[in-house]
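Please read it alongside the sequence and the structure shown here.

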Amino acid sequence: MKQSSYENYIEKIVRQELNRRYEDDKDLCKCDVCYRDIMTLTLNNLPPMYVSSDVGHIMTMYHLTKDQLHTQVMVELLKAIKQVKNSPNH
Ligand SMILES: [Zn+2]
């Protein structure tokens, strides 16, 4: 049987959006420590959603639209960025 691969869909969105913030927000520290802190803070406040391949399926299961999910991710991401900016771990 073929081994399935899983990924946390939420983590994927967070990473994409964080990379976008790095481009837009020149004040945001781009070091590994801050990156990890922002990722963990954000992900700890969001439910993990593991998907194999069919993303549409998970949306149906959670009764969420892609927009709703992105909005939720952005709220937590911006909170985490603010927190790390105010007190960077270095
Ligand atoms: Zn930093």
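Which residues does Lys 30 touch, not counting residues up to four places away in sequence? With contact taken as heavy atoms within 4.5 Å, Lys 30 touches Tyr 22 and Asp 25 under that exclusion. Lys 30 lies in the loop between α1 and α2, and its C-alpha is 9.7 Å from that of Asn 19, a residue 11 places apart from Lys 30 in sequence.

The model is a predicted one, in which local features need pLDDT of at least 70 and side-chain atom pairs count only at pLDDT 80 or more, whereas totals for chains, interfaces and linings use all residues. Residues are numbered from 1 along each chain as its sequence is written, and side-chain values use heavy atoms, with hydrogens and water left out.

**Overall architecture**

The chain contains four helices and two strands, arranged along the sequence as β-α-α-β-α-α; these elements are DSSP runs numbered from the N terminus, helices being H or I of at least four residues and strands E of at least two. Of its 90 residues, 30% count as buried, where buried means under 20% relative accessible area, exposed over 50% and partly exposed in between, computed with a 1.4 Å probe on protein chains only. The accessible surface comes to about 6300 Å², and 50% of it belongs to carbon and sulfur atoms; such areas come from the Shrake-Rupley method with a 1.4 Å probe, and for residues only the protein chains shown count as cover. Among contacts between residues at least 6 apart in sequence, 77% join residues at least 24 apart.

**The zinc site**

The zinc ion has as its protein donors Cys 29 (SG), Cys 31 (SG), Cys 34 (SG) and His 90 (NE2), at 2.1 to 2.3 Å; donors are N, O and S atoms within 2.8 Å of the metal (3.2 Å for Na, K and Ca), and sites may look incomplete because water is not among the atoms. Cys 29, in the loop between α1 (9-24) and α2 (32-44), and His 90, in the segment after α4 (66-86), are 61 residues apart, so that this pair links distant parts of the chain. The spacing of the donor residues in sequence is C-x1-C-x2-C-x55-H. The arrangement is tetrahedral because the four donor atoms subtend angles of 95 to 121 degrees around the zinc ion, the criterion for four donors being that all angles lie between 85 and 135 degrees.

| Residue | Relative accessible area | Class |
|---|---|---|
| Cys 29 | 29% | partly exposed |
| Cys 34 | 1% | buried |
| His 90 | 58% | exposed |
| Tyr 35 | 25% | partly exposed |
| Glu 76 | 13% | buried |

**Helix α2 and its surroundings**

Helix α2 has 13 residues and spans 18 Å from its first C-alpha to its last, close to the 18 Å expected, a figure defined as 1.5 Å times one less than the number of residues. Its buried residues are Cys 34, Asp 37, Ile 38, Met 39 and Thr 42, and their cover includes α1 and α4.

Tyr 35 is also placed in helix α2. Leaving aside neighbours within four places in sequence, Tyr 35 is in contact with Arg 15, Leu 18 and Tyr 22, and its C-alpha is separated by 8.6 Å from that of Leu 18, 17 residues apart along the chain. Glu 76, for its part, lies in helix α4 and touches Thr 42, Asn 45 and Leu 46, not counting residues up to four places away in sequence.

Methods:
Tetrahedral: all angles 85-135°; square planar, octahedral: opposite > 155°, others 65-115°.
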